[in-house]
Amino acid sequence: MHEFLAITNALADESRVRALLALGRGELCACQITALLDLAPSTVSKHLSLLKTAGLVDARKQGRWIHYRLADHPTPAARAALRFLHAGLADAAFAADTRRLSDILAIDPEILCDQINSKCCSSAPATPAARRWPKASPARSAAT
């Protein structure tokens, strides 16, 4: 019963449904989802937390970056909910999000984070722990 209620609660909000549909295209950084939904980063974080609790999405952290994707191994109930979501919504209803997401994906995530004032991907360390484990720069990552 708890799993069912968590899933129905997760699907009971338009922003969470929009985030799930966007994640159907592949893994996204928290800042990309924030830009798509045009909500405060803390609000998007809460939405994503509810989706994760419901077993609909997985998250991975890479440095200060938090990436979300549809659950790799959803429970049967979560799998059924995702099928219901995709079958029940016409693509045309979310065409604007699809176009907007394409535009967002064309922007470097560092620049995007600065534009939306998000700290999820910022290279500027915000905490003592972040100063101890700085995110690798793109140039340094490419060289390794």
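## Cysteines in the interior

Cys-29 is buried, with a relative accessible area of 2%; buried means under 20%, exposed over 50% and partly exposed in between, with a 1.4 Å probe and protein chains only. Cys-113 is buried too, at 0%. The structure holds zero disulfides, a disulfide being a pair of cysteine sulfur atoms within 2.5 Å.

This is a predicted model, in which local features need pLDDT of at least 70 and side-chain atom pairs count only at pLDDT 80 or more, while totals for chains, interfaces and linings use all residues. Residues are numbered from 1 along each chain as its sequence is written, and side-chain values use heavy atoms, leaving out hydrogens and water.

## The start of the chain

Let's turn to Met-1, which sits in the segment before helix H1 (2-10). Helices here are DSSP runs of H or I with at least four residues, numbered from the N terminus. Met-1 is exposed, with a relative accessible area of 75%.

## A residue in helix H2

Ser-15 belongs to helix H2 (residues 14-23) and is buried, with a relative accessible area of 15%. Setting aside neighbours within four places in sequence, Ser-15 is in contact with Leu-37, Leu-39 and His-47, where contact means heavy atoms within 4.5 Å.

## A loop worth a look

Between helix H3 (30-37) and helix H4 (41-53) runs a loop that includes Asp-38. Asp-38 is exposed, with a relative accessible area of 62%. The phi of Asp-38 is near 55 degrees, a positive value in a residue other than glycine.

Key. Helix = DSSP H or I, 4+ residues; strand = E, 2+ residues; numbered from the N terminus.
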